[in-house]
Amino acid sequence: MNETASYTKQGQPFERDMTYLPDRVLAGATSLDPLDAQFPSGSKDSPRDVPVWEAVPGRYRIVAARACPWAHRSIIVRSLLGLEDAISWGAPGPTHDQRSWTFDLDPGGVDPVLGIERLQQAYFAREADYPRGITVPAIVEVESGKVVTNDFPQITHDLFFEWREHQRPDAPDLWPADLREEMETVMKRVFTEVNNGVYRCGFAGSQEAYDDAYERLWTAMDWLEERLADRRYLMGEAFTEADVRLFTTLVRFDAVYHGHFKCNRNKLTEMPNLWGYARDLFQTPGFGDEVDFEQIKRHYYVVHTDINPTQIVPAGPDPAVWLTPHGRA
């Protein structure tokens, strides 16, 4: 059986499947976010009537690979909010086959809490023969071993709003109400043009699709460079969820996306404002200490065999550059 996944479709642009298990983990019957209905944060474009699970410390485990940018968001947010004692974390290794992420970093290749070798087992416990991709992050109920949700934008939103009483006292305000409308607009553009834009370049199945994705990506990167010229973070003087979402792409840019995904107009290090901003975040507790460049590179260069059939992992760039002074404080 060939378990090597293919990520490109000849002659076609890349389109991300944004259909996820939409259940939510809430503190009550409805969200504590007063703007939840106005600004739905999940993978769909409108509020949904979905199953609700109670936010109880110790009940859930976040399965999130450091290698994956979508999962990396939840790892960072969990750390920033101080939720380590409330929600445990299972870390798959950086490589996987077409079937599933695996727990090859753990002794015996088994997650020590869930007792499984493959995340696929938790999906099948929820829905036999689950038909879609086995994605991270995934919140798993420990007792039943079932995946609750893998809706990655909703997960970080709900970690902030629904787990308030379990967060550390000085946890940052990642969703400031007075900036919400503008922040939602910024996050939408960051997602469509940058977070997903690098994938549209890398997984393009035709020259035309690639050229379109490349132009859109760099239009957005230039917009961000200009936006960060007169403000420390995307929304002003304090970092927010918007910065978490952009950071996980920027931290992978020169190591992966510039070459592997052909996003090579220039490097991140050649954009003064974005590069200073990215280092500023990297050097903030909760951001850089949750980055593993070796796992990131192994994931992309080993897993994407249709793009990199030799599976050779590049030695550079030197991660020490992330610790150089950024001058943005």
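The model is predicted, so local features require pLDDT of at least 70 and side-chain atom pairs count only at pLDDT 80 or more, while totals for chains, interfaces and linings use all residues. Residues are numbered from 1 along each chain as its sequence is written, and side-chain values use heavy atoms, without hydrogens and water.

The UniProt annotation "active site", from an unreviewed entry, covers Cys 68 and Tyr 199. UniProt positions follow the numbering used here, feature names are shortened, and annotations may be inferred rather than shown by experiment. The two residues are spread over 132 residues of sequence but cluster in space, with a largest C-alpha distance of 12.3 Å. Both Cys 68 and Tyr 199 belong to the lining of the largest pocket. A pocket is an open set of points on a 1 Å grid over the protein atoms alone, where a 1.4 Å probe fits, with protein on both sides within 12 Å along at least five of seven lines; lining residues have an atom within 4 Å of a point.

Cys 68 lies in the loop between strand S3 (60-63) and helix H1 (69-81). Helices (H or I, at least four residues) and strands (E, at least two) are DSSP runs, numbered from the N terminus. Cys 68 is buried, at 6% relative accessible area; buried means under 20% (1.4 Å probe, protein chains only). Beyond residues up to four places away in sequence, Cys 68 touches Trp 101, Val 136 and Arg 252. Contact means heavy atoms within 4.5 Å.

Tyr 199 sits in helix H5 (residues 197-202). Tyr 199 is also buried, with a relative accessible area of 6%. Leaving aside neighbours within four places in sequence, its contacts include Phe 14, Arg 16, Tyr 257 and Tyr 300.

An open sheet of four strands has the order S4-S3-S5-S6, with mixed pairing. Strands S4 (88-90) and S6 (147-149) stand at the edges, each with a single partner strand, so one side of each lacks a neighbour in the sheet. The twist averages 40 degrees from one strand to the next; angles run from 0 to 180 degrees between N-to-C directions of axes fitted to C-alpha atoms. Strand S5 (residues 138-141) runs antiparallel to S6, joined by two bridges. Pairing requires at least two DSSP bridges. Ile 139 stands opposite Thr 149 in S6.

The structure holds zero disulfides, defined as pairs of cysteine sulfur atoms within 2.5 Å. The sulfur of Cys 201 is 4.0 Å from its closest cysteine sulfur, in Cys 263, too far for a bond. Cys 201 is buried at 2% relative accessibility, and Cys 263 is buried at 0%.

Notes: Buried < 20%, exposed > 50% of the residue type's maximum accessible area, 1.4 Å probe, protein only.
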